[in-house]
Amino acid sequence: MTVVHKTRAATRAAGRRGAPPPGGTAGRSRAGGRRRAAALTPWLFLAAPLTLLVMFTYVPVADMIGYSFTDWDGVSPARSFVGADNYADLVTRPARFEVFLVSGFYLAASIVQIAVALYFATVLGFSTRFRNLFKGLLFFPYLINGVAVGFVFLYFFQPDGTLDTLLRLAGVEGRHLWLGDPDLANPSLAGVSVWRFMGLNMVLFLGAIQSIPPHLYEAAQLDGANRWQQFRHIIAPGIKPVISLSFVLAVSGSLAVFEIPYIMTGGANGTETFVIQTVKLAFQFDKVGLASASAVVLLLLILLVTWVQSRLIPEERVELS
């Protein structure tokens, strides 16, 4: 082999050694494309719910905040900018905030509701006969539409109605104005909310109780602990975050009560809540701007109460093993 041939052979060998492997660039391109597709896939699934969330939640809230700075009546195309006059009107009229006193009845009812729900969840968390049946019966009121609940109890509380008949069978005579007497109306309406929402809290507590490891109950039984001691030392610490969440929902819910009192009394006889007052401002007195300001104030109050509760009751991570 001549020197020229040897040189050409060496050059070809070196070229083969330095050249990239066949398909290397294409393989890297395909891998990069797969990584980009994997990164975009979650956003494709989130596109629809995020669009609906923005369209039906954040955009209306932004519009409501904009309306709160106008004197719009909800009908005419003209909207005059009034600045903070609507908020000044709310602040300078204490009667606007006196309706929050009604929320105290619902807050007290929420505490009773949480206690009753915790009791039933604890009982049904253990081996109890027909516990699945009782779970369904207790949770069923939450599945009923709020309007239907209001109409059912509207007849229930009528004078000489179902409740008065049951009281007569129990030996309690008299004709009571359950929804007409200001001293009885708010406790009656708050009792309806207990009946309706107790099942939801019970399901939350029951789910938390069933997540506690079973061997803790077995160890407690071997040590001679009764049901109350098991609840005090195992169940209550284990579901503390859920109990805290229930109290947060109870306070915010008591501030925003609307459905049951609006259907059953329309806010009459001292049962008007802040939300009912806001609805009347918008649709009865055609003051959409002032009503929007009231809604913004309510939103800020709920956020403030939630923030204060999160500071007073910090979130705790409970680990049971």
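The model is a predicted one, in which local features need pLDDT of at least 70 and side-chain atom pairs count only at pLDDT 80 or more, whereas totals for chains, interfaces and linings use all residues. Residues are numbered from 1 along each chain as its sequence is written, and side-chain values use heavy atoms, with hydrogens and water left out.

**Overall build**

The chain has 15 helices and zero strands, where helices (H or I, at least four residues) and strands (E, at least two) are DSSP runs numbered from the N terminus. Of its 321 residues, 32% count as buried; buried means under 20% relative accessible area, exposed over 50%, and partly exposed in between, with a 1.4 Å probe and protein chains only. Taking contacts (heavy atoms within 4.5 Å) between residues at least 6 apart in sequence, 65% join residues at least 24 apart. The chain exposes about 20,000 Å², of which carbon and sulfur atoms supply 67%; accessible areas come from the Shrake-Rupley method with a 1.4 Å probe, and for residues only the protein chains shown count as cover.

A nonpolar core is a set of buried Ala, Val, Leu, Ile, Met, Phe, Trp, Tyr and Cys residues joined through side-chain atoms within 4.5 Å. The largest one has 23 residues, and those with the most contacts inside it are Met202, Phe205, Ile212, Tyr217, Ile235 and Ile239. At least two residues of this core come from each of α5, α9 (182–210), α10 (214–222), α11 (227–238) and α12 (240–255), with α9 giving the largest share, six residues. Another core, of 16 residues, lies apart from it and includes Phe153, Phe157, Ala190 and Val257. In soluble globular proteins, nonpolar side chains tend to be buried together.

**Salt bridges**

The structure holds four salt bridges, each being a side-chain nitrogen of Lys or Arg within 4 Å of a carboxyl oxygen of Asp or Glu. The table includes three of them.

| Arg93 | Asp89 | 2.8 Å |

Asp89 counts as buried because its relative accessibility is 19%, while Arg93, at 41%, counts as partly exposed. Both Arg168, at 31% relative accessibility, and Asp160, at 40%, are partly exposed, and Glu272, with 21%, also counts as partly exposed.

**Positive phi angles in loops**

Phe130, a residue other than glycine, has a positive phi near 60 degrees; Phe130 sits in the loop between α5 (100–125) and α6 (131–143) and, at 53% relative accessibility, counts as exposed. Asp286, likewise not a glycine, has a positive phi of about 55 degrees. The loop that holds Asp286 runs between α14 (274–283) and α15 (288–312), and Asp286 counts as partly exposed because its relative accessibility is 43%.
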